[in-house]
Each structure stands twice: as structure tokens, then as C-alpha cells.
Amino acid sequence: MKKPILLLILLVSNFIFAQVEVVSTFVEKWDNSKDYLVAVAQAIPEEKYDYKPTAREMSFREQLFHIQDNVNWLIITHFSGIKYDSKEVVIGFSKAQIILNIIASFDAAKARIQNTKEAELSQKVDFFAGPKSKLQILNVMQDHVTHHRAQILIYLNLNQIQPPKYVGW
């Protein structure tokens, strides 16, 4: 009788620790992603914030704003239930203000993620591409940041600016 109870305790505790690992692992990666994005945003001179390689591309400024707005939309809409209204790019913001806004958005997202119960990560939410779990929304959010950060890394290279050293896992 003791062996089945001990086995059950081990299985349950293993499941609980595995679940906690999802949030802590994501938060660690999220912090690194923020740090790297901020380093990229700091690397380019402010006078280059309106640079775009072609007319159809977003400017460096617009890319940063798009990243921030997408983070806000995904985390507010799918982790608070509040309707998020997308914002317009503010052209007049300084480089320093843009960076502060990025940090604030990443930190607000992190706080919501840390306050999400592990069981909630499997809950489905409405998403334009069909129902997704909250865990999938976190992955979409990180993938979106990576996608647009990669684009602005190219902007740095096109302007002969050495990109910052990668901050990964």
C-alpha cells in the first residue's frame, strides 16, 4: 500500500514542478528577449529611427512600436479579458521614450504571465487564426518579437552598425 501512495505522490509532485517550469522558463526567455531588443534599440542613433530600407517596409521606429503594440494587444486581450485598442505610431517620441515604453510593455506582460495560474495556460482563447491556448499565445508573442527584431537587425547592418551581442537563453 505504501508503494502506490509514494508513486502517486512522486507523479503529482513531478507534474506540479513541470508546470511551474513552463512559466519560469518563459519568463527567463522573455527577460532575455527584452534585454536584447533594448540593446538593439540603443545601438542605432536616434537620427536613424526613421530609416527604412524600402518604401514598403516599416521604419526602425515603426518596427519598435509594432513590437510593443503587439505585446500589449496579446497580453491584455488574452490574459486580462480587456478589449485592447491598437495604438497609432507616435512620431514625436524620442529614442529614450520609445525604449522606456518597450521596457514597460515587456515588464507588464511579464507581470501578467507570472500571475497566471499554471492551469490557465491550457485554456483556449479566441484568436484570429482560430482558438489557441494561452501557452500558444505566449509562443506567438515571442515569435512575433523575434521576427521583427530580426528585421531591425538587418536595418543595423544596412547602416554599417554592429549589432549587439545576442542575449539568448
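In this predicted model, Leu 64 touches Leu 37, Ala 41, Tyr 49, Ile 98, Ile 102 and Ile 152, leaving aside residues up to four places away in sequence. Leu 64 is also one of the residues with the most contacts inside the largest nonpolar core, the others being Phe 60 and Met 141. That core comprises 36 residues. At least two of its residues come from each of helix H1 (2-43), helix H2 (60-79), helix H3 (95-114) and helix H4 (134-158). The greatest contribution is that of H1, which supplies 9 residues.

The overall plan of the chain gives these helices their setting. The protein chain has 4 helices and 2 strands, and read from the N terminus its elements follow the order α-α-α-β-β-α. Of its 169 residues, 38% count as buried. Among the contacts with a separation of 6 or more, 74% are between residues 24 or more positions apart.

The discussion now turns to empty space. Rolling a probe the size of a water molecule over the atoms shows where such space is left. The largest cavity holds about 60 Å³ of space. Its lining consists of Arg 61, Leu 64, Phe 65, Gln 68, Val 89, Val 90, Phe 93, Ile 98 and Asn 101. The elements giving two or more residues to this lining are H2 and H3, and H2 gives the most, with 4 residues. Sorted by class, the lining has 6 nonpolar, 2 polar and 1 charged residues.

A pair of aromatic rings is described by the distance of the centres and the angle of the planes. Across the whole structure, a search finds 8 aromatic pairs. One of them joins Tyr 51 and Tyr 155 in an edge-to-face arrangement, with 5.8 Å from centre to centre and 85° between the planes. This pair links distant parts of the chain: Tyr 51 is in the loop between H1 and H2, whereas Tyr 155 is in helix H4, 104 residues apart. Tyr 51 counts as partly exposed because its relative accessibility is 22%, while Tyr 155, at 2% relative accessibility, counts as buried.

A second pair is formed by Trp 73 and Phe 127, which are stacked, with 6.0 Å from centre to centre and 25° between the planes. Trp 73 lies in helix H2 and Phe 127 in the loop between strand S1 (124-125) and strand S2 (132-133), so this pair ties together parts that are 54 residues apart in sequence. Trp 73 counts as partly exposed because its relative accessibility is 26%. Phe 127, by contrast, is buried, with a relative accessible area of 12%.

Finally, Tyr 49, Tyr 51, Phe 60 and Tyr 155 form one aromatic cluster.

Methods:
Residues are numbered from 1 along each chain as its sequence is written. This is a predicted model: local features need pLDDT of at least 70, side-chain atom pairs count only at pLDDT 80 or more; totals for chains, interfaces and linings use all residues. Side-chain values use heavy atoms; hydrogens and water are left out. A nonpolar core is a set of buried Ala, Val, Leu, Ile, Met, Phe, Trp, Tyr and Cys residues joined through side-chain atoms within 4.5 Å. Buried means under 20% relative accessible area, exposed over 50%, partly exposed in between (1.4 Å probe, protein chains only). Contact means heavy atoms within 4.5 Å. On a 1 Å grid over the protein atoms alone, a cavity is a set of points where a 1.4 Å probe fits but cannot get out, and a pocket is an open set with protein on both sides within 12 Å along at least five of seven lines; lining residues have an atom within 4 Å of a point. Grid points are joined across faces, edges and corners, and a volume is the space filled by probe spheres set on the points. Ala, Val, Leu, Ile, Met, Phe, Trp, Tyr, Cys and Pro count as nonpolar, Asp, Glu, Lys and Arg as charged, and the others, Gly among them, as polar. Rings of Phe, Tyr and Trp (its six-membered ring) pair if their centres lie within 6.5 Å; planes under 30 degrees apart count as stacked, over 60 as edge-to-face and the rest as tilted.
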